[in-house]
Amino acid sequence: QVQLVESGGGSVQAGGSLRLSCVVSGYTYRRNWMAWFRQAPGKEREGVAAISIGGGIGGGSTYYADSVKGRFTISQDSAKNTVYLQMNSLKPADTAMYYCAADLPYGIWVLKRDYYYWGQGIQVTVSS
């Protein structure tokens with residue numbers, strides 16, 4: 001059974017930083033992409049950042065939503081089956097529940113919500 005467990009959320013003041021972690025256990029069939037999404041109250045879940053898994057050609061490729069480019073960095077540690085989201089220069093608008101996702105159907109844009117596996121989510125609150 002595949003499990004994704006997020007950690008590292010919390011409350012921070014504007015301009016501060018947090019690092020989210022997502023540990024994947026169990027076997028994921030495609031093992032192609034992992035991503036972070038977020039959902040604020042009353043809003044749809046949106047893709048924040050995605051990374052291609054593993055080495056080889058294209059491995060480690062990253063994509064970001066325009067709203068977080070230059071502030072957030074997604075990375076992976078394959079040996080630990082962990083994906084990270086380093087969030088700097090946080091803004092109140094970044095306040096949301098953050099979700100880790102894994103395994104993307106082929107041909108789907110990496111920041112769409114069509115991932116097969118999801119974590120439970122972790123809260124990030126940024127105060128002004």
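Is L104 buried or exposed? Select L104 and check: with a relative accessibility of 2%, L104 is buried (buried means under 20% relative accessible area, exposed over 50%, and partly exposed in between, using a 1.4 Å probe and protein chains only). L104 sits in the loop between β9 and β10, and we'll come back to that loop.

**Before you click on**

You're looking at a predicted model, where local features need pLDDT of at least 70 and side-chain atom pairs count only at pLDDT 80 or more, while totals for chains, interfaces and linings use all residues. Residues are numbered from 1 along each chain as its sequence is written, and side-chain values use heavy atoms, with hydrogens and water left out.

**Zoom out: the whole chain**

Switch to cartoon. There are zero helices and eleven strands here, so expect β-β-β-β-β-β-β-β-β-β-β as you go from the N terminus; both element types are DSSP runs numbered from the N terminus, helices being H or I with at least four residues and strands E with at least two. The C-alpha trace spans about 40 × 30 × 25 Å along its principal axes. For 128 residues, a compact globule would have a radius of gyration near 14 Å, and the protein agrees, with 14 Å (taken over C-alpha atoms, the rule being 2.2 Å times the number of residues to the power 0.38).

The accessible surface comes to about 6,700 Å², with 48% of it belonging to carbon and sulfur atoms (Shrake-Rupley method, 1.4 Å probe; for residues, only the protein chains shown count as cover). Of the 128 residues, 42% are buried. Among contacts between residues at least 6 apart in sequence, 59% join residues at least 24 apart, a contact being heavy atoms within 4.5 Å.

**Stop 1: the disulfide**

Select C22 and C100. They form a disulfide with sulfur atoms 2.0 Å apart, and a search of the whole structure finds one disulfide (a pair of cysteine sulfur atoms within 2.5 Å). The torsion about the S-S bond is about -80 degrees, so the disulfide is left-handed. C22 belongs to strand β3 (residues 18–25) and C100 to strand β9, so the pair ties together parts 78 residues apart in sequence. Both cysteines are buried.

**Stop 2**

S21 is buried, at 13% relative accessible area. Leaving aside neighbours within four places in sequence, the contacts of S21 are V5, E6, S7, W36, T82, V83 and Y84.

Next, go to Q3 in strand β1 (residues 3–7). Q3 is partly exposed, with a relative accessible area of 45%. Not counting residues up to four places away in sequence, Q3 touches V23, V24 and S25.

**Stop 3: the rings**

Show Phe, Tyr and Trp side chains. How many aromatic pairs are there? The count comes to five, where rings (the six-membered one for Trp) pair if their centres lie within 6.5 Å, and planes under 30 degrees apart count as stacked, over 60 as edge-to-face and the rest as tilted. One of them is F37 with Y115, an edge-to-face pair at 5.7 Å centre to centre and 75 degrees between the planes. F37 lies in strand β4 (residues 33–39) and Y115 in the loop between β9 (96–102) and β10 (117–118), so this pair also ties together parts 78 residues apart in sequence. Both F37 and Y115 are buried.

Then select W33, Y63 and W109, which ring pairs link into a cluster.

**Stop 4: an arginine over two rings**

Pick R45. Its charged end sits over the ring of Y99, 3.7 Å from the centre, and over the ring of W118, 5.0 Å from the centre. The rule here is NZ of Lys or CZ of Arg within 6 Å of the ring centre and within 35 degrees of the ring normal.

**Stop 5: two positive phi values**

Most residues other than glycine have a negative phi. N81 has a positive phi of about 50 degrees although it is not a glycine; look for N81 in the loop between β7 (72–77) and β8 (82–87), where N81 is partly exposed at 36% relative accessible area.

D103 also has a positive phi, about 65 degrees, and is not a glycine. D103 is in the loop between β9 and β10 and is buried, at 2% relative accessible area.

That brings you back to L104, in the loop between β9 and β10.
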